[in-house]
Amino acid sequence: LRNMATDSNGVLWIKYFVTALALGCLVEALAHMARFYEFTPWWLIFVIIIGAFGLLFGSLAKALRKQSSLLQFIVGALTAGSIELINKLGIIHDYYWVFAPAWPLGITNPWIRTAVLGLPGGLFILILNFLLSMSYKAQLSVNGNLK
């Protein structure tokens, strides 16, 4: 199932991109409603949804789909942690997000927050690969290729 051999590379990448984009929209919509953080400038949220979730995490999940779940989690967590670190260090001037006080889990130390917020990136890759695997399995079942 992880090979997804009946889909062309391009079609498979589009499936990963669109699914990651949808999940990214869900994550950011929930975060926005709960006021977990705020983007400066406000439109940076779209760069994060399309660039980080859709392009980066969608491509990573596709590339890692044949690897162990542990490796997928580690790469996703390190990637999300790196993005948080770039934000924390202010490497990209005038483009950043600021967290609500003591969010998440009452964490006020920005370094610990950065490390903790990397973990959902690992989960994101696992969830994305799970969803695409289940979708592929359903596709095979409908086409009569799965016994």
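Axes here are lines fitted to C-alpha atoms, for helices over the stretch in contact, and the angles between them run from 0 to 180 degrees between N-to-C directions. With that in hand, let us walk through this predicted model.

Start with the overall layout. The protein has 4 helices and 2 strands, and from the N terminus on these elements follow the order α-β-α-α-β-α. Its C-alpha trace spans about 55 × 30 × 25 Å along the principal axes. Of the 147 residues, 37% count as buried. Among contacts with a separation of 6 or more, 74% join residues 24 or more positions apart.

How far can you trust the picture? The average pLDDT of the protein is 92, and 96% of the residues score at least 70. Confidence is highest in H2, at a mean of 97, and lowest in H4, at 91.

Now to the way the helices pack. Two packed helices are described by the angle between their axes and the distance between the axes. Take helix H1 (residues 9-34) and helix H2 (residues 44-64) to begin with: their axes come within 8 Å and cross at roughly 135°. An angle over 145 degrees would count as roughly antiparallel and one of 65 to 115 as roughly perpendicular, so H1 is oblique to H2. The crossing of H1 past H2 is right-handed. On the H1 side, the residues that meet H2 include Leu12, Trp13, Tyr16, Phe17 and Ala20. Their partners in H2 include Ile45, Ile48, Ile49, Phe53 and Leu55. Glycines take part too, among them Gly24 in H1 and Gly54 and Gly58 in H2. By class, the contact of H1 with H2 has 15 nonpolar, 5 polar and 2 charged residues.

H1 also packs against helix H4 (residues 110-142), at an angle of about 130° and with the axes 10 Å apart. H1 and H4 are therefore oblique to each other, and H1 passes H4 in a right-handed crossing. In this contact, Lys15, Tyr16, Thr19, Ala20, Leu23 and Gly24 of H1 meet a set of H4 residues that includes Phe124, Ile127, Leu128, Leu131 and Gln139. The residues of the contact between H1 and H4 divide into 8 nonpolar, 4 polar and 1 charged. Looking back at H2, you will find Tyr16, Ala20 and Gly24 among the H1 residues that meet H2, and these three residues are also among those that meet H4.

The loops hold some backbone details to look for. Most residues other than glycine have a negative phi, and most peptide bonds are trans. Against that background, the peptide bond from Thr40 to Pro41 is cis, with omega near -10°. Pro41 sits in the loop between strand S1 (37-40) and H2. A cis bond also runs from Trp103 to Pro104, where omega is near -5°, and Pro104 belongs to the loop between strand S2 (96-99) and H4.

That loop between S2 and H4 also holds Ala102. Ala102 is not a glycine, yet has a positive phi of about 60°. Its relative accessibility is 33%, so Ala102 counts as partly exposed. Asp94, in the loop between helix H3 (69-89) and S2, likewise has a positive phi, near 70°. Is Asp94 buried or exposed? With a relative accessible area of 60%, Asp94 is exposed, the cut-off for that class being over 50%.

Notes
Residues numbered from 1 in each chain as written. Predicted model: local features only at pLDDT ≥ 70, side-chain atom pairs only at ≥ 80, totals over all residues. Heavy atoms only, no water. Parallel < 35°, antiparallel > 145°, perpendicular 65-115°, else oblique. Left-handed = near helix turned anticlockwise from the far one by under 90°. Contact = heavy atoms within 4.5 Å. Nonpolar A, V, L, I, M, F, W, Y, C, P; charged D, E, K, R; others polar. pLDDT = per-residue confidence, 0-100. Buried < 20%, exposed > 50% of the residue type's maximum accessible area, 1.4 Å probe, protein only.
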